[in-house]
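My notes follow in the order I looked.

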Amino acid sequence: MARALLKKYPELSESDLAFHLVEASGRILPEFTDQPGEWVVRMLERRGASVHLNCTMTSADDGHVVLSDGTEFDSELIVWTAGNAATRLLRNHTDLPHNARGLVQVRADLRIGTETEIVPGAWAAGDDAAVPDLTSSSPGAYTVPNAQNAVRQGKLLAKNLLRSLRGREPKPYVHHSLSAIATLGLGTGIFQYRRIVIKGLPAWLMHRGYHVLAVPTWDRKVRVLAIWLASFFYGRDIVSLASVQSPREAFEAEARTAALSAKRTST
Ligand SMILES: Cc1cc2nc3c(=O)[nH]c(=O)nc-3n(C[C@H](O)[C@H](O)[C@H](O)COP(=O)(O)OP(=O)(O)OC[C@H]3O[C@@H](n4cnc5c(N)ncnc54)[C@H](O)[C@@H]3O)c2cc1C
């Protein structure tokens, strides 16, 4: 994306670009096994990124980044992607049971509560719910907060609500991850199912295909597909972050220019 943007900013060149990926653990993409994970790191490095593993950000004063391994660099843009947090609403404004991370404690059948104590008439699913992962071999594991689980849990929750209204027992949430897939920029990606690993363009196409199928309702599928097709023909739809952060600036600059030219005309 950054290289595509350069075409629209002739005052910038590729030498002005630098990307640092800082990761606290020893590997990226934990859903993949070691070898595909290492391939991704090598691929990103080949494309000019610096990958800092086993490393955290110590400070970022005035855009000057200092890493725990002593590396220092200046950055114009810092993207923080270190995990997600539960909404404080649950912890501060409800008396629902929650775990240490603030996620609402649910049973495998998505009723709020523990194995022994149920909060009557209260259900939860998705990112804000600590849903026991019955497929995991590690005890006390929760399902991963992603759309794959959230959408499936939402459907099960609706069915379980109906069951309980009809006096039947709700069913537990059990979902075995089918495979792992990720895109790594435009036209390249990685897919893994057990020992089968697919890399590059085929994996990227599989990712796009899977996601358009996973988007709920045909209306949304068609809209998303139409945007992708438009981007294919016309390139990415870009917007300057500066104009998002200070939207008045463009108007003020224009007003200054107009005032200046009006003054020149009158003199
Ligand atoms: C950048 C990004 C990329 C992602 N990519 C993937 C991916 O490729 N694959 C994948 O599986 N998952 C992905 N995820 C994760 C996925 O989006 C979430 O796991 C999923 O959306 C969780 O669904 P949810 O319904 O639990 O929560 P959400 O989708 O977050 O929905 C919660 C809703 O509640 C609303 N809300 C919040 N507070 C209140 C309130 N007080 N009153 C009323 N409404 C409220 C919010 O506005 C929101 O609409 C991604 C997430 C992000 C941020």
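Burial cut-offs before anything else: I call a residue buried under 20% relative accessible area, exposed over 50%, and partly exposed in between. Worth noting too that I'm working from a predicted model.

**Glycine 26.** I looked up its accessibility and got a relative accessible area of 41%, so glycine 26 goes down as partly exposed. I find glycine 26 in the loop that runs between β1 (19-22) and α2 (34-46). What does glycine 26 touch, leaving aside residues up to four places away in sequence? I get Leu53 and Asn54.

**Arginine 163.** Next I went to helix α4 (residues 147-165), where arginine 163 sits. Arginine 163 is buried, yet I find no salt bridge for it. Glutamate 169 is the nearest side chain of opposite charge, and it is 9.5 Å away. Skipping residues up to four places away in sequence, I list Arg168, Glu169, Pro170 and Lys171 as what arginine 163 touches.

**Second largest pocket.** I read off a volume of about 1,200 Å³ for the second largest pocket. Its lining has 32 residues, and Asn146, Gln148, Ser177, Ser179 and Ala180 lie nearest the centre. The elements giving two or more residues to that lining are α4, β10 (180-183), β11 (189-193) and α5 (201-214). Which element gives the most to the lining of the second largest pocket? That is α4, with six residues. Sorting the lining by class, I get 14 nonpolar, 13 polar and five charged residues.

Technical notes:
Residues numbered from 1 in each chain as written. Predicted model: local features only at pLDDT ≥ 70, side-chain atom pairs only at ≥ 80, totals over all residues. Heavy atoms only, no water. Helix = DSSP H or I, 4+ residues; strand = E, 2+ residues; numbered from the N terminus. Buried < 20%, exposed > 50% of the residue type's maximum accessible area, 1.4 Å probe, protein only. Lys, Arg positive; Asp, Glu negative; His and termini not counted. Salt bridge = Lys/Arg side-chain N within 4 Å of Asp/Glu carboxyl O. Contact = heavy atoms within 4.5 Å. 1 Å grid on protein atoms, 1.4 Å probe; cavity = no way out; pocket = protein on both sides within 12 Å on 5 of 7 lines; lining within 4 Å. Points joined across faces, edges and corners; volume = space filled by probe spheres on them. Nonpolar A, V, L, I, M, F, W, Y, C, P; charged D, E, K, R; others polar.
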